[in-house]
Amino acid sequence: MSEATILSIGEAMVELSKIDSQGHWKVGIAGDTLNTAWYLRRLLPSDWHVSYFTRVGTGEFSQMMVDFLNSESIGTEHVGRDDHREIGLYAISLQDGERSFSYWRENSAARLLAKDSAALTNAVSRAEIAYLSGITVAILPDEGRAALIQAVREARAKGTRIIFDPNLRPRLWPDTRVMCDRIEAVAAEANLILPSFDDESEYFGDTDPDATIARYLKLGAGQVIVKAGGGAIHFGGNQGAGVIDDLKRMNPVDTTSAGDSFNAGFLAAQIQQADIETAIRAGHQLSSRVIMHHGALVPEAVEAPQ
């Protein structure tokens, strides 16, 4: 296993974010697992290597993404190329700080990121930590999803720590039953799960965050951290259990990347030996700064690691 390597797996897209009421938009590169990787790169010391596993095309926007990753010191050694597809695009619209999205991603190259299953298995097994989300799982065809599950199962058995954010997006699935079944199949292979209670309650019927924790622990997770949109955070598992209910709530400007940045803040703190409660507070602190700015990636929200 490679030393001090974290591999984030998923889809990055061209992001259009509306920045004012005069019709001005900002063009960038973002996507849930890339957002987390980007914040991790800024939070972790330089002896950690942060890399991204995805698939892109050969056109201008795909090269824009690769150039962006390189410029941000995120490894591109696991970025595959596709001669027939391009990266997707999404646009963020805001009303009272809450986001809505429009997507153009049906023929995204990232949907075939697991096509070379041997490359995927090798990359995951050589990482110390592998991070993926429910969106990673949702965009894949059945055979790609099976390859991903097999890759993380084998890697976990060899010692890679598998981190999974269910990030439930029903519009990416044929129906909610399929979504829930596939999400739980991946969750069963994860060491740490980072769900959001609003989603878990709506789609799995969990009555409270403790029910979410119990369900994922029963599947095989080692630890579960249940996010609550800035509210009390419940946690349980082999690193301890409890509730943090004194977190300051913010009136957001833009909730884009709230959960992604929380995950990065939490993981970066844990990697640097923080206890679980301190790590949760670090995740909340970063997320609280991110939601006060427009867009997914907010340089001014990140304090440089000491």
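View 1. Q285 is partly exposed, its relative accessible area being 44%; the classes are buried for under 20% relative accessible area, exposed for over 50%, and partly exposed in between, with a 1.4 Å probe and protein chains only. The model is predicted, so local features need pLDDT of at least 70 and side-chain atom pairs count only at pLDDT 80 or more, while totals for chains, interfaces and linings use all residues. Residues are numbered from 1 along each chain as its sequence is written, and side-chain values use heavy atoms, with hydrogens and water left out. Q285 belongs to helix 10, where helices (H or I, at least four residues) and strands (E, at least two) are DSSP runs numbered from the N terminus. Between the C-alpha atoms of Q285 and S261 the separation is 9.4 Å, and along the chain these residues are 24 residues apart. S287 is also found in helix 10. S287 counts as buried because its relative accessibility is 12%. Leaving aside residues up to four places away in sequence, S287 touches A258, S261 and F262; contact means heavy atoms within 4.5 Å.

**View 2. Packing of helix 9 against helix 10.** Helix 9 (residues 258-271) packs on helix 10 (residues 276-290) at an angle of about 145°, and their axes are 7 Å apart. Axes are lines fitted to C-alpha atoms, for helices over the stretch in contact, and angles run from 0 to 180 degrees between N-to-C directions. From helix 9, the contact includes F262, G265 and F266, and from helix 10 it includes I280, G283 and S287. By class, the residues of this contact are ten nonpolar, six polar and no charged. Here Ala, Val, Leu, Ile, Met, Phe, Trp, Tyr, Cys and Pro count as nonpolar, Asp, Glu, Lys and Arg as charged, and the others, Gly among them, as polar.

**View 3. The largest nonpolar core.** This core has 55 residues, of which Y39, I225, F266 and I280 touch the most other members. Helix 9 gives the most to the core, with seven residues. A nonpolar core is a set of buried Ala, Val, Leu, Ile, Met, Phe, Trp, Tyr and Cys residues joined through side-chain atoms within 4.5 Å. Not counting residues up to four places away in sequence, I280 touches I225, I233, F235, I244, F262 and F266.

View 4. The open sheet has nine strands in the order 5-4-1-8-9-10-11-12-13, with mixed pairing. Strand 5 and strand 13 (242-244) are at the edges, each with a single partner strand, so one side of each is left without a neighbour in the sheet. Two strands pair if DSSP finds at least two bridges between them. Strand 12 (residues 233-237) and strand 13 run antiparallel and are joined by three bridges, with I233 opposite I244 in strand 13.

View 5. Strand 4 (residues 49-56) is largely enclosed by the rest of the structure, because seven of its eight residues are buried. Strand 1 (residues 5-9) runs parallel to strand 4, with five bridges joining them; the bridge partner of I9 in strand 4 is F53. Strand 5 (residues 75-81) also runs parallel to strand 4, through five bridges, and S51 stands opposite G75 in strand 5.
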